[in-house]
Amino acid sequence: MAIPGIRRLLLAIAVLLTAAVPCPAEEFPLFDCIAPNVAFWKDVYSRYTTGQAILHDATDLSIVYEVMDLGPVGDDIGQANRDSIKEALEKYKAIVQGLAAGRPPATAEERRVRGLFAADLPAARLQAAAGNIRWQRGQADRFREGLIRSGAYLAEMKGIFRSQGLPEDLAYLPHVESSFQIRAGSKAGAAGVWQFTRSTGSRFLRIGSAVDERYDPIRASHAAARLLKENHEALGDWPLALTAYNHGAGGMRRAKAEKGDYPTIFREYNGPLFKFASRNFYSEFLAAREVAKDFRRYFGELRLESPEKGCRELTVPAGLRFADACRRYGVSADTLADLNPALLKPVRDGGRRIPAGYRLRLPAGAKAAGPVLAAAAPEPAKGRPALVYRVRRGDTLSAVARRHNLPAGAILLANNLQSADRIFPGQELRIPAAEGAAKAKAGSSRKGKTAAGGT
């Protein structure tokens with residue numbers, strides 16, 4: 001008879017213990033205030049194509065006036081479609097202004113538009129809505145193509161984020177930024193699948209006239225992981241950190257200081273640069289993430305691109321022409337270009353060399369012959385092994401030289417570098433042994449005398 005009582009006591013204790021254990025917070029919460037926006041962007045990504053324009057309220061995205069079917073379109077919708085959209089926007093602006101002025105809806109169209117708003121909405125709010133109508137081009141066909149392209153990179157990208165202790169679902173963000181288009185660019189100068197600007201990208205990546213690692217999806221993913229990690233450490237949660245990817249960490253720090261949490265920022269913050277794109281960026285990420293993770297529900301079966309198998313990387317110790325690299329390793333120009341999208345047109349066309357220090361990606365079956373392959377690993381100097389130093393952010397060549405008690409010129413010669421400004425974060429520099437550095441310095445001096453007319 002006492003057993004049921006004991007069971008009830010044990011059950012009560014178990015309930016209390018369960019209640020005392022806090023549930024882990026959702027990393028990417030769907031706040032009530034953004035639910036209509038997320039639903040809107042899901043439709044943009046999965047329902048409406050680039051041949052359609054969605055006319056909607058810019059603040060309340062649940063208010064959609066019309067979905068227009070456009071005429072023939074390309075990457076740009078064309079002037080004829082722009083004129084049609086402008087005419088439709090003016091029509092809805094006039095209807096809403098009439099409703100705000102107190103005129104009863106007289107046509108079926110006016111009654112339909114009035115039904116989009118709450119019955120008790122004040123006239124002032126209706127008047128504001130009249131000036132708040134915008135249009136959005138659909139993206140479903142573009143998103144579908146992005147899903148197919150993403151198959152080549154998504155698994156490796158997720159692994160990069162996991163290795164940094166970050167949520168792997170951050171790897172879905174390029175669906176918002178670029179639809180996984182390798183050569184994507186923007187009017188603001190952003191480039192690649194992660195859409196790094198030159199100023200932000202140069203903090204993490206090699207960007208120059210010969211190499212632009214923003215176009216390398218994998219190397220740019222490492223950079224994105226570092227930037228997003230910085231944002232999260234500075235701002236404390238992922239809604240703010242992701243919004244900062246669009247708006248900047250400094251801007252989001254100001255928004256957080258003024259309004260506190262993400263929902264309040266979304267509803268109330270009116271910073272001078274916090275416009276439609278920044279306010280909707282987190283909602284777009286949530287929508288893209290959901291559509292991409294459950295793509296069969298929205299697009300049916302798709303044959304995704306496969307990742308390259310068994311690639312390897314070799315550090316180029318001296319400038320190497322693209323065509324010579326193809327011959328040396330038995331790789332076609334198309335294959336080498338596909339595996340190394342950071343190599344820009346001047347390199348691919350032969351006008352510039354592959355810079356020293358670039359990590360050349362090759363297929364597993366590439367020929368393992370030639371001095372460049374042998375030089376990928378530093379050769380030990382007599383009496384002591386050579387050192388390899390990985391350049392850190394903020395390093396200069398002179399600082400690296402002082403750290404190893406060597407002249408800067410010795411490091412330049414050991415790495416076939418032409419000038420001190422050719423070092424960049426992540427680059428591996430060969431640090432010569434002291435006796436090797438002395439010989440290199442002496443050899444350089446002799447060359448200089450000969451060039452000047454000496455013996």
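User: What ground rules apply to the numbering and the predicted model?

Analyst: Residues count from 1 along each chain as its sequence is written, and side-chain values use heavy atoms, leaving out hydrogens and water. Local features need pLDDT of at least 70, side-chain atom pairs count only at pLDDT 80 or more, and totals for chains, interfaces and linings use all residues.

User: Is Asn81 buried or exposed?

Analyst: Buried means under 20% relative accessible area, exposed over 50%, partly exposed in between (1.4 Å probe, protein chains only). Asn81 is buried, at 7%.

User: What does the side chain of Asn81 reach?

Analyst: The backbone oxygen of Ile77, at 2.7 Å.

User: Which residues is Asn81 in contact with, leaving aside neighbours within four places in sequence?

Analyst: Contact means heavy atoms within 4.5 Å. For Asn81 that gives Leu70, Gly71, Pro72 and Val73.

User: How many residues has the largest nonpolar core?

Analyst: A nonpolar core is a set of buried Ala, Val, Leu, Ile, Met, Phe, Trp, Tyr and Cys residues joined through side-chain atoms within 4.5 Å. Here the largest has 64 residues, with Phe161, Trp194, Phe196 and Tyr245 having the most contacts inside it.

User: Which residues are buried in helix H16?

Analyst: Helices are DSSP runs (H or I, at least four residues), numbered from the N terminus. In H16 (residues 322-329), Phe322, Ala325, Cys326 and Tyr329 are buried. Seen down the axis, the buried residues of H16 fall within an arc of 100 degrees (taken from the directions from the helix axis to the C-beta atoms), so they line one face of the helix.

Note on methods: Polar contact = N/O pair within 3.5 Å; in protein donor to acceptor, adjacent residues only side chain to side chain. Helix = DSSP H or I, 4+ residues; strand = E, 2+ residues; numbered from the N terminus.
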